Amino acid sequence: MNTVEIQEIKELLKTPKKIVIIPHKNPDGDAIGSTLGLRHYLTSLGHNSSVISPNDYPDFLKWIPGEDTIIKYDSATDIATTRIKEADLIFTLDFNNLSRVGNMETLLTTTKSLFIMIDHHQQPDDYARYTYSDTAMSSTCQMVYHFIDMLGDRDKISPEIATCLYVGIMTDTGSFRFRSTTHITHRVVADLIESGADNTTIHEKIYDTNTYSRLQLQGVALKNLKILPEYKTAYITLSQEELDTHNFKKGDTEGLVNLGLSVSGIIFAAIFIENRGEKIIKISLRSKGDFSVNEFSRNHFEGGGHHNAAGGKSNLSLQKTVEKFISILPSYKNALNL
Ligand code: 5GP
Ligand code: MN
């Protein structure tokens, strides 16, 4: 984002505006943290802003400051639609393609409001008047920090804002270990702690939330883990029956794909999760090093994301999806054997 654009946005924010802030469907810690962090900031400037999420999110995010003000489009469609239609400004955070908002897509493509995108995924679409896109960033939360900083308001980072932004940086970096974690990320995090983010408590609230049934479901995932050594690949399946038996709730499968990637020598991991309600298999992909799961997902599973973390979906059965996945691997044999 160049200085002219920052000046223009600063100008826009000088008078009270009606603002809507939107995360992607099935929002994660970064999506919820960044939208709420930005909302607290915009509220402190005197704007009337709301976070409108396409749908619900996991319970382990339901303590983040301001979380109780989030409007869910799928269960409060009328109020969400009115807010979006009346908005002067719409921020879209942690995604870069309007198909990522599910059923809200038509409404967003037809609204006349001015859009600002803040996002760190690859290949951004061109729907926003202002696009702050940086694929090297650890998280959208880190970008919201830089955005506030560029507007000259670092001193306005309250304990609430700091807490929200810390959540997304922590979750999107796998607790500060992925390659996207830089010395600047650590400086930002240090500043957030100084501004009132209680790092140990945040970690406990996000990660120490297992239930017995969720741990049992992890056991099933580990039992279903398959290794394909010739492709340095691991994959996990979870059927709808397995989810139902273990009282599956949103968020229970978060991070399971990393179990495959933690096997020594594995550089590509996948998880296939059946969702009979939506008649799809939801896919999460992770890699280490040069192998791009963003490209893999775009080419074969209608998805995308980052170089080392991406997602997608399949309309085939669980078994057929796995067969398709395995049948594709030979064409990546060289890329996977680096
Ligand atoms: P996860 O596997 O944790 O759901 O997602 C990994 C990354 O890929 C996240 O940054 C997420 O936003 C992105 N992602 C997940 N599913 C999809 C998808 O269906 N389409 C696209 N374009 N990105 C996705
Ligand atoms: Mn993110």
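Modeller: Let us start with Asn 247, which lies in the loop between helix 10 (240-245) and helix 11 (257-261). Please keep in mind that this is a predicted model.

Biologist: Is Asn 247 buried or exposed?

Modeller: Asn 247 has a relative accessible area of 54%. The cut-off for exposed is over 50%, so Asn 247 counts as exposed.

Biologist: Which residues does Asn 247 touch, not counting residues up to four places away in sequence?

Modeller: The residues touched by Asn 247 are Ser 213 and Asp 252. Sequence separation and distance in space should be read side by side: Asn 247 and Arg 214 are 33 residues apart in sequence, yet their C-alpha atoms are 7.8 Å apart.

Biologist: How should I read the backbone angle phi in loops?

Modeller: Most residues other than glycine have a negative phi. Against that background, Phe 176 has a positive phi, near 70 degrees. Phe 176 belongs to the loop between helix 6 and helix 7, and with a relative accessible area of 22% this residue is partly exposed.

Biologist: Where does Lys 279 lie?

Modeller: Lys 279 is in the loop between strand 9 (268-275) and strand 10 (280-287). Its phi is positive, about 55 degrees, although Lys 279 is not a glycine. Lys 279 is exposed, with a relative accessible area of 69%.

Biologist: Now to the interior. What is the general idea of a nonpolar core?

Modeller: In soluble globular proteins, nonpolar side chains tend to be buried together. Here the largest nonpolar core has 46 residues, and the members that touch the most others are Ile 21, Leu 38, Leu 42, Phe 91, Phe 147 and Leu 192. Helix 6 (residues 159-172) gives the most to this core, contributing eight residues. There is also a second, separate core of 22 residues, including Phe 272, Val 293, Leu 318 and Tyr 332.

Biologist: With which residues is Phe 147 in contact, leaving aside its neighbours within four places in sequence?

Modeller: The contacts of Phe 147 are Met 1, Ile 6, Ile 9, Leu 38, Phe 91, Ile 118 and Tyr 132. Phe 147 is also one of the buried residues of helix 5. That helix is mostly covered, with nine of its eleven residues buried.

Biologist: How should I read the packing of two helices?

Modeller: One reads the angle and separation of the axes, then the residues that meet. Helix 2 (residues 29-44) and helix 5 (residues 140-150) pack at about 20 degrees, their axes 8 Å apart. Angles under 35 degrees count as roughly parallel, which means that helix 2 is roughly parallel to helix 5. The crossing is right-handed. Asp 30, Gly 33, Ser 34, Leu 38 and Tyr 41 of helix 2 meet Thr 140, Cys 141, Val 144, Phe 147 and Ile 148 of helix 5. By class, this contact has six nonpolar, three polar and one charged residues.

Biologist: At roughly what angle do the axes of helix 6 and helix 7 cross?

Modeller: The axes of helix 6 and helix 7 (residues 183-194) cross at roughly 145 degrees and come within 9 Å. This crossing is left-handed. Ala 162, Leu 165, Tyr 166 and Ile 169 in helix 6 meet Thr 185, Val 188, Val 189, Leu 192 and Ile 193 in helix 7. Those residues divide into eight nonpolar, one polar and no charged.

Key: Residues numbered from 1 in each chain as written. Chains lettered and ligands numbered in written order. Predicted model: local features only at pLDDT ≥ 70, side-chain atom pairs only at ≥ 80, totals over all residues. Heavy atoms only, no water. Core = buried A, V, L, I, M, F, W, Y, C linked by side-chain atoms within 4.5 Å. Buried < 20%, exposed > 50% of the residue type's maximum accessible area, 1.4 Å probe, protein only. Helix = DSSP H or I, 4+ residues; strand = E, 2+ residues; numbered from the N terminus. Contact = heavy atoms within 4.5 Å. Axes fitted to C-alpha atoms, helices over the stretch in contact; angles between N-to-C directions. Parallel < 35°, antiparallel > 145°, perpendicular 65-115°, else oblique. Left-handed = near helix turned anticlockwise from the far one by under 90°. Nonpolar A, V, L, I, M, F, W, Y, C, P; charged D, E, K, R; others polar.
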